[in-house]
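Let's take a walk through this structure together.

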Amino acid sequence: MRRIRVLALSVVFAGLLGPATLRAQDEDEIARKVAAVLAQAETAEEPGRAWTLSESLAAIVDEEGQPVVTAIRKQAEYASPRVVLVSAKALIDLEEWADQAYALLKPLARGEREVTDAVRIQALRLLGDESFAAISDVEDTLLQVLDEAYEPSIKIETAKSLWSLSPRKGYRAKQELRQTLQSEDISVRIEGAIALAEIGDLTDARLYLKMIENEPSERGRLARSLLEAEQHRRQLERLYMQRRDRDSSKPIAMIEELMDKIRRYHINGDKFQEDELLEFAAKGLMQALDKHSTYFTNDEVRQWTFDLDRNYAGIGAFVNFIGDVFTIIRPIYSGPAFEVGLRSNDQIVKVDGWETRGHDSDEIIRRLKGPAGTNVTVTINRRSWKEPRDFLVTRAHIEVPSLNAELLPGNVGYVEITQFALNTGDEFERTLREFSERGMKGLVLDLRNNPGGYLNMAIQVCDELLPRGRLVVYTEGRNVDIAPRQEYFTRYPTPYEDLPVVVLINRHSASASEIVSGALQHYGRALVLGERSYGKGSVQSMFPLETRAGERYEDSNGNGRFDDGEERFADINDNDKFDPGPRSKLTIARYFLPDGRNVTREIHPVTGDVLNDGGVIPDYTIAHRWVDAWHESELPQLLEDDVFNKYLREQLPEHREIFAKNSVFDAGDFETYPEFDAFYNSLDTRLTKDEIRLWLRVYARRRVSDVRGKVFPGDLIFMGDFQEDPQLQRAIGELFEKMPTDLTSVPEYVRFAEEITTAMKADRDALAKKDDENKNR
């Protein structure tokens, strides 16, 4: 089809140039014609026009063959990057010249020529074309760029091309894209999420797409399109499942037949192993049932177990690549790495003398981890040091906190639960006890962006706030053997029965978060503020597969799971990893709040229509106020230039106390920051001083976390910050309504007290009016 299109263009091009006697012309004439097209490409103002010229160039190549290719290579070799891109695009359009196109693109892609990031990204994007599939060196080049590139946008584009070109390296591509979701820069996380969605992996990306889907921007429109495409795909899958042959004797035979046809006929059929195809089939089967049922591979089971258990033996740090340097993103402040002096942005150069450069993160992390009590020497480079230094770290079982907490001014306890993990209940109990001893008068429980987790941890949190014997939730399924009706009650008396409580939720609060917020709301124990929650009122259970059993091991500590250092009986596939075996995660029941409500958001399996919005509805809907400056063209550039971190590297060492104070509360006064005017003037920006102060404070809070040995709450920008978070401010205002103290008596709250008090009165008046109207009907 591509060749037919180019041949048609060649007829048009020949008509423009004169009689069809191109084959009779000598090489000088061919060179002149190539030069004429390339000259137009050089001066084309619109990118679309440049790509049209590549089609014209392809028409000459298709007509004349090798002499034209030689002329293109010779002229493009020293031409501008745009000309090189147009030339390469022309050769790509004619698949037999892909090797010549690669020769042109390789220097641009690898950064061997001085080009802009935009040009390099275009070159990397072109290398993802299917015509390069037979050239093994292209895959090697993309892998090299992934290992060496610094800019996140370049890594992201490279990973996308690698995914398109080499399904065998799909795991590496996904791994690189998932790493971007750990970036401190929210724009990088969003760009990585979009890329993951474009290659069909919305598991980790969905949260960020939902975050920006309503933006009036190109990325907002793209996010909406990707989410809509996923919904459409699910509809088609459900329709297929409903209409397929239901003869129970045929499914296995049908799968085998499909796999055989893939191996024999598909263009990439020889690149997939049988187990890979079976995994794809299993995932498609499970996803067609509902959005929460899925098939987990070995690697996914390992990650899922870690995310929920949150305990492992290692040095205690969140790590990732920044550019091509393996870096401590943030130490876990209760872990050994922080205790011996390791800090955020420290670069890990060696592990026990073994250089980290050139190796992937999985391999480095394996060397950092080990049995608790053993030592590892890490060689660290820090920007302020002339030479790297060695640190001896004693590995320990690391408990990754699942909540962040602060006692705010006015003795308001603030607890952000990020996930209901195995240790959440104990962490919550300890935090309330500590805050109570320090004089806590009210509690804000922040469940925004909490995706859920262990049901028993949700019950344990309610145990701290509800009287003994209260029904929190009950579950009920179709198969009574595995999902009979089960009721969950609070079990212990609570000393906090009279403590005023406000719960914050948003549209990303799901599952266990909805159980806690819904139960506390039902009993009138807490006021719920924010946005309608996600609507996941179903229960899933993990089932091992007898046909794909995991590796056996010696459970030394009797905790029912494999831990680093425990002995395996056999490494079945010689991958030097414990393989727990794949699992099927199936929806087996629904859960119901004490009043019988099920919060599931129901969607028609065929049409995709929303049948029930579901979710927990807050008592008062309070929107999160995003900063208006996001659309300013220069803000992304300021973040890319890392101006805030550069300022902090210069000023923080000499002004720790000032930044520690401002990170908690700066009263909106940019004058309190050292040398602020000089810093602001150096930016040459249209953003106001207050907007720059706002972003500077975001980065300062991250840096000050190291100084105080404790992370500030709030994963997303401005959430969990009482000075800037309007939902938290409203929660504080509601608590003070139940206290004898006036909100304006706390200096840190004066700035927003009047606005919050006015909003509370307006909401109560509106609610009273609505109640009167209902009574009069």
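If you take the contacts in the chain between residues at least 6 apart in sequence, 66% of them join residues at least 24 apart. Keep in mind that what you're looking at is a predicted model. The chain runs to 777 residues, and 48% of them count as buried.

Let's start with a pair of helices. Helix α5 covers residues 81–93 and helix α6 covers residues 98–109; their axes come within 8 Å and cross at roughly 155 degrees. An angle over 145 degrees counts as roughly antiparallel, so α5 is roughly antiparallel to α6. The crossing of α5 past α6 is left-handed. Which residues of α5 and α6 make the contact? On the α5 side you'll find Pro81, Val84, Leu85, Ser87, Ala88, Leu91 and Ile92, and α6 brings Ala98, Gln100, Ala101, Leu104, Leu105 and Leu108. Sort the residues of this contact between α5 and α6 by type and you get 11 nonpolar, two polar and no charged.

Next, move along to helix α8, residues 136–148. It has 13 residues, and at 1.5 Å a residue they should span 18 Å; the end C-alpha atoms of α8 are 19 Å apart, so the two agree. The buried residues of α8 are Val138, Glu139, Thr141, Leu142, Leu143, Val145 and Leu146.

Hold on to a few of those names, and look at helix α9, residues 152–165. Its 14 residues should span 20 Å at 1.5 Å a residue, and its end C-alpha atoms are 20 Å apart, which agrees. Is α9 enclosed by the rest of the structure, or open? Of its 14 residues, 10 are buried, so α9 is largely enclosed by the rest of the structure. Those buried residues are Ile154, Lys155, Ile156, Glu157, Thr158, Ala159, Lys160, Ser161, Leu162 and Leu165.

Let's zoom in on one of them. Thr158 sits in helix α9, and its relative accessibility is 0%, so it counts as buried. What does Thr158 touch, not counting residues up to four places away in sequence? It touches Leu124, Leu142, Val145 and Leu146.

Now for the strands. Asn404 is found in strand β10, residues 403–408. With a relative accessible area of 16%, Asn404 is under the 20% cut-off, so it is buried. Setting aside its neighbours within four places in sequence, Asn404 is in contact with Tyr414, Val415, Glu416, Thr418, Val711 and Pro713.

Carry on from β10 and you come to Asn411, in the loop between β10 and β11 (412–417). Its relative accessible area is 27%, so Asn411 is partly exposed. Look at the backbone here, too: phi of Asn411 is near 60 degrees, a positive value in a residue other than glycine. Why point that out? Most residues other than glycine have a negative phi.

Another residue with a positive phi is Ala667, where phi is again near 60 degrees. Ala667 is in the loop between α24 (656–664) and α25 (676–683). With a relative accessible area of 38%, Ala667 is partly exposed.

Back to a strand for a moment. Met542 has its place in strand β17, residues 538–544, and at 22% relative accessibility it counts as partly exposed. How many residues apart in sequence are Met542 and Lys585? They are 43 residues apart in sequence, with their C-alpha atoms 4.5 Å apart in space. Leaving aside neighbours within four places in sequence, Met542 is in contact with Phe296, Trp304, Arg583, Ser584 and Lys585.

Our last stop is another helix pair. The axes of helix α23 (residues 643–651) and helix α26 (residues 689–708) come within 9 Å and cross at roughly 60 degrees. α23 and α26 are therefore oblique to each other, and their crossing is right-handed. Here the contact is made by Phe644, Asn645, Tyr647, Leu648 and Arg649 of α23, together with Ile692, Trp695, Leu696, Tyr699, Ala700 and Arg703 of α26. By type, the residues of the contact of α23 with α26 come to eight nonpolar, one polar and two charged.

How values were computed
Residues numbered from 1 in each chain as written. Predicted model: local features only at pLDDT ≥ 70, side-chain atom pairs only at ≥ 80, totals over all residues. Heavy atoms only, no water. Axes fitted to C-alpha atoms, helices over the stretch in contact; angles between N-to-C directions. Helix = DSSP H or I, 4+ residues; strand = E, 2+ residues; numbered from the N terminus. Parallel < 35°, antiparallel > 145°, perpendicular 65-115°, else oblique. Left-handed = near helix turned anticlockwise from the far one by under 90°. Contact = heavy atoms within 4.5 Å. Nonpolar A, V, L, I, M, F, W, Y, C, P; charged D, E, K, R; others polar. Expected span 1.5 Å × (residues − 1). Buried < 20%, exposed > 50% of the residue type's maximum accessible area, 1.4 Å probe, protein only.
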